[in-house]
Amino acid sequence: MKKVSLCFCFSFLVFASVLSAAEYFVSPQGDDAGSGAKEQPFRTVLRARDQIRADQRAGKAGPWVVTLSEGEFPLEQPLEFTTEDSGTEAAPVVYRGQGEKTVLTGGLDITGWKEESEGVWSANLPELDGQPLFFEQFFVNGRRAARSRYPDRGFLKPAGVSEENPMDPKTRRSEVTMQYLVGQPGDLDLLKAIPKEEYRWAQMVLHHNWDTTRRILLDFDAEKNQMTFRGGNMKSWNPWRTSSQYYLENVRTAFNEPGEWFYDGNAKKVLYRPLPGETLAGSRFIVPRPGLNQLILVRGASKEAPVTNLRFENLSFAYSDAARRADMLRAAGIDPAITGDVDKPGPSQYEPMQAAAFTVAVIMVDEARKIVFDGCRFNHLGEYGLWFRNTSECQFVNGDLMDLGAGGVRLGGGRANEKTGIVTCCEKNVIRNCRITNGGRFFAAAVGVWIGNNTMGNEVTHNDIGDFFYTGVSMGWNWGYHGVCFDNHVDFNRIYDIGQGALADMGGVYTLGTLKGSTVCNNVIYNVKSFGYGGWGLYTDEGSEGLRMENNLVYDTTDGSFHQHYGRDNIIRNNILVRSYLNPQRKPEEQPHQLAATRVEEHRSFLFEKNIIYWDRGTAIGYRFDKVKSDIRNNLWWCTTGPVEFQGKTHEQWEAEGKDIGGKVADPLFVDAANNDFRLKPESPAFGMGFRAFDFSQAGAKR
């Protein structure tokens with residue numbers, strides 16, 4: 001009898017829970033005047049959000065579930081969720097879609113296409129707010145099309161760069177900076193064939209070390225082979241150099257390959273060269289709505305009144321704009337009126353912002369707690385995908401971020417409250433089991449995952465992070481021995497195809513500032529390739545402190561598997577560090593280093609123990625690795641093509657000086673290093689030195 005009573009009570013509770021839950025339905029074919037029932041769905045998510053607000057004000061109990069059907073849900077402005085949209089632990093608010101088939105989109109279709117001569121398709125530019133639609137991103141059949149570019153692949157190098165600040169005779173101040181770039185002979189001949197009135201639609205994109213600058217072409221002097229630009233001052237710590245790399249975009253004479261497009265601002269047309277097999281009848285052309293660079297804003301009133309317990313499940317977010325030209329100028333402290341055409345549509349003028357491309361995110365979560373994005377897909381974006389800024393216990397799990405104008409995920413970096421001066425921390429958030437790929441397509445200096453200041457206890461685990469032009473994961477972001485970045489964990493990730501020869505001074509994982517209690521463990525990092533210098537696998541930059549890097553597999557990098565600029569008491573232990581190659585842009589007499597350290601300080605810089613270092617060209621150590629104060633011990637070294645030496649010393653001589661006590665020069669006996677199988681054979685000498693085998697197949701997304 002007692003057992004039957006318990007079953008009855010349990011059934012009643014389940015039934016009561018179902019009755020108390022409210023479910024609304026949304027469909028592109030719905031009507032916001034409807035009830036929101038399955039038979040009468042709403043048309044917009046905004047209407048469903050407002051209905052839940054009304055329910056809560058009326059005292060109705062949740063949980064609430066909003067089910068979105070298959071289809072596209074166009075947005076003209078960001079969909080905003082505030083403190084009043086919160087759920088509770090027992091009664092969350094859930095927005096649930098059908099995966100890739102449910103798309104919240106900021107895209108606009110370009111129609112009216114026709115075939116022109118020489119296999120080119122064209123369409124008239126539609127008008128928006130009384131002006132021809134301007135865009136810098138263009139998507140054809142679900143693919144980001146390449147804007148006409150010269151050269152089509154790779155980069156040019158300037159023969160000369162210069163800058164001047166002309167004085168205003170009335171104010172006696174320099175209100176604008178002029179910049180000049182001289183091309184190598186023949187490099188700029190394609191500009192001779194275009195009319196000057198088309199210059200304003202063209203763009204020069206210059207990569208200088210860890211930064212990228214975009215400039216609108218103002219003038220071209222064919223006799224001097226020189227382009228003229230106007231913008232902010234070059235940064236003294238990273239100016240334009242003749243060793244920098246650049247290319248030109250949206251130049252008519254570079255519009256020459258299938259899959260490319262050209263914005264003809266003078267004729268008010270967009271032109272496209274189809275790929276083989278593409279047909280007009282079967283093609284769709286989408287551009288982001290101008291100025292719509294954010295689709296979802298979750299923004300609480302304060303730390304004390306956050307948004308809480310919102311869930312977004314199996315939704316897709318697609319097509320967002322990058323920052324407009326005037327916005328970028330203002331962000332750089334430049335009055336847009338200086339350019340003379342701020343109210344006209346035109347290319348973005350992007351100023352370097354000290355790497356990592358500080359832009360906004362398509363999904364912005366601020367002053368929030370327990371916000372979850374589960375199984376969501378982000379695609380064809382102009383900027384970063386997701387930003388947890390002042391948040392706690394938020395999650396992005398089982399999702400995809402791909403084809404990104406900037407980077408993938410940002411954590412932290414919040415600013416102080418204007419009234420209190422208090423900075424809210426970003427803590428205990430989770431990025432797990434996600435694929436974050438194909439980034440930096442508009443802002444090349446963006447990173448896959450950025451963990452900034454005021455962050456504690458966050459986890460970035462079991463993700464695939466790849467195909468970026470700058471760093472894979474960046475953590476810390478405070479120069480020198482200070483900052484609030486503690487107990488963050490970057491573990492079990494697969495980080496690959498980083499740099500790709502586009503930028504310099506980067507890492508598969510890059511750290512900066514105080515990081516006590518943080519870990520970079522059990523990651524697989526490979527194919528990190530810079531231009532010029534600095535394509536490191538593990539890179540502890542200025543003031544990195546208190547970090548543990550353990551059980552990482554790093555292979556195929558330029559300039560080294562590990563480099564510490566300067567830092568204190570970092571632990572580099574039980575890693576497999578394989579094959580650093582010489583960057584082809586370095587001098588022939590230079591050699592790649594497997595390990596490097598730069599600044600010698602009074603304190604212990606790092607502990608380096610029980611690592612396997614394996615290479616086939618170059619040297620074991622470089623810079624001041626042998627001079628920094630460090631504990632180096634019990635490491636296994638092997639070069640397949642020659643003797644192992646330590647800046648002119650044998651291992652015996654180096655050990656006699658107190659370096660690498662207990663270390664050894666011997667073949668680690670990988671199963672098949674030539675084919676990247678770095679498992680150790682049972683008889684490997686590494687085991688006798690205390691090395692512990694780890695399963696690097698566990699790194700990466702698991703789904």
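Buried means under 20% relative accessible area, exposed over 50%, and partly exposed in between. The legends below use these terms for a predicted model.

**View 1. Lys610 in the loop between two strands of the predicted model.**
Lys610 belongs to the loop that connects strand S60 (606-609) with strand S61 (612-615). Between Lys610 and Val628 the separation is 18 residues in sequence and 19 Å in space, taken from C-alpha to C-alpha.

**View 2. Ile52 within helix H2.**
Helix H2 spans residues 45-57, and Ile52 has its place there. With a relative accessibility of 2%, Ile52 counts as buried. The C-alpha atoms of Ile52 and Pro63 are 10.0 Å apart in space, while the two residues are 11 apart in sequence.

**View 3. The largest cavity and its lining.**
The structure contains four cavities of 30 Å³ or more, and the largest cavity has a volume of about 50 Å³. The lining is made up of Val45, Leu68, Leu79, Phe81, Tyr95, Leu104, Ile296, Phe312, Leu315 and Phe317. Sorted by class, these lining residues comprise 10 nonpolar, no polar and no charged.

**View 4. Strand S6 with its partners S3 and S28.**
In strand S6 (residues 102-105), Thr102 and Leu104 point one way, whereas Val103 and Thr105 point the other way, and all are buried. In a regular strand the side chains alternate between the two faces of the sheet. Strand S3 (residues 71-74) pairs with S6 in the parallel sense over four bridges, and Phe73 stands opposite Leu104 in this pairing. Strand S28 (residues 316-318) likewise pairs with S6 in the parallel sense, over three bridges, and here Ser316 is the bridge partner of Val103.

**View 5. An open sheet of five strands with mixed pairing.**
The strands follow the order S8-S9-S24-S23-S14, and their pairing is mixed. At the edges stand strand S8 (114-115) and strand S14 (146-147), each with a single partner strand, so one side of each is left without a neighbour in the sheet. The pairing of S14 with strand S23 (residues 260-264) is parallel and runs over two bridges, with Glu260 in S23 as the bridge partner of Ala146. Strands of a sheet pair through backbone hydrogen bonds, either parallel or antiparallel.

**View 6. The aromatic pair of Trp121 and Tyr272.**
The structure has 50 aromatic pairs. Among them, the pair of Trp121 and Tyr272 is tilted, with 5.9 Å from centre to centre and 55° between the planes. This pair links distant parts of the chain, since Trp121 lies in strand S9 (residues 121-124) and Tyr272 in strand S24 (residues 269-272), 151 residues apart. Trp121 is buried at a relative accessible area of 4%, and Tyr272 is buried at 0%. Both rings belong to one aromatic cluster, which is formed by Trp113, Trp121, Phe134, Phe135, Phe138, Trp201, Trp261, Tyr263, Tyr272 and Phe285.

**View 7. An open antiparallel sheet of four strands.**
The order of the strands is S15-S22-S18-S19, and the pairing is antiparallel. The edge strands are strand S15 (149-150) and strand S19 (211-216), each of which pairs on one side only. Strand S18 (residues 203-208) and S19 are joined in the antiparallel sense over six bridges, and within this pairing Thr212 in S19 is the bridge partner of His207.

**View 8. Strand S54 and its parallel partners S50 and S58.**
Six of the six residues of strand S54 (residues 553-558) are buried, so the strand is largely enclosed by the rest of the structure. Strand S50 (residues 524-528) runs parallel to S54 and is joined to it by four bridges, with Ile525 opposite Val554. Strand S58 (residues 576-581) pairs with S54 in the parallel sense over five bridges, and Val578 in S58 is the bridge partner of Tyr555.

**View 9. Arginine side chains over aromatic rings.**
Arg410 lies over the face of Trp387, at 4.4 Å from the ring centre. The charged end of Arg599 sits over the ring of Tyr566, at 3.9 Å from the centre of that ring.

Notes
Residues are numbered from 1 along each chain as its sequence is written. This is a predicted model: local features need pLDDT of at least 70, side-chain atom pairs count only at pLDDT 80 or more; totals for chains, interfaces and linings use all residues. Side-chain values use heavy atoms; hydrogens and water are left out. On a 1 Å grid over the protein atoms alone, a cavity is a set of points where a 1.4 Å probe fits but cannot get out, and a pocket is an open set with protein on both sides within 12 Å along at least five of seven lines; lining residues have an atom within 4 Å of a point. Grid points are joined across faces, edges and corners, and a volume is the space filled by probe spheres set on the points. Ala, Val, Leu, Ile, Met, Phe, Trp, Tyr, Cys and Pro count as nonpolar, Asp, Glu, Lys and Arg as charged, and the others, Gly among them, as polar. Two strands pair if DSSP finds at least two bridges between them. Buried means under 20% relative accessible area, exposed over 50%, partly exposed in between (1.4 Å probe, protein chains only). Rings of Phe, Tyr and Trp (its six-membered ring) pair if their centres lie within 6.5 Å; planes under 30 degrees apart count as stacked, over 60 as edge-to-face and the rest as tilted. A charge sits over a ring if NZ of Lys or CZ of Arg is within 6 Å of the ring centre and within 35 degrees of the ring normal.
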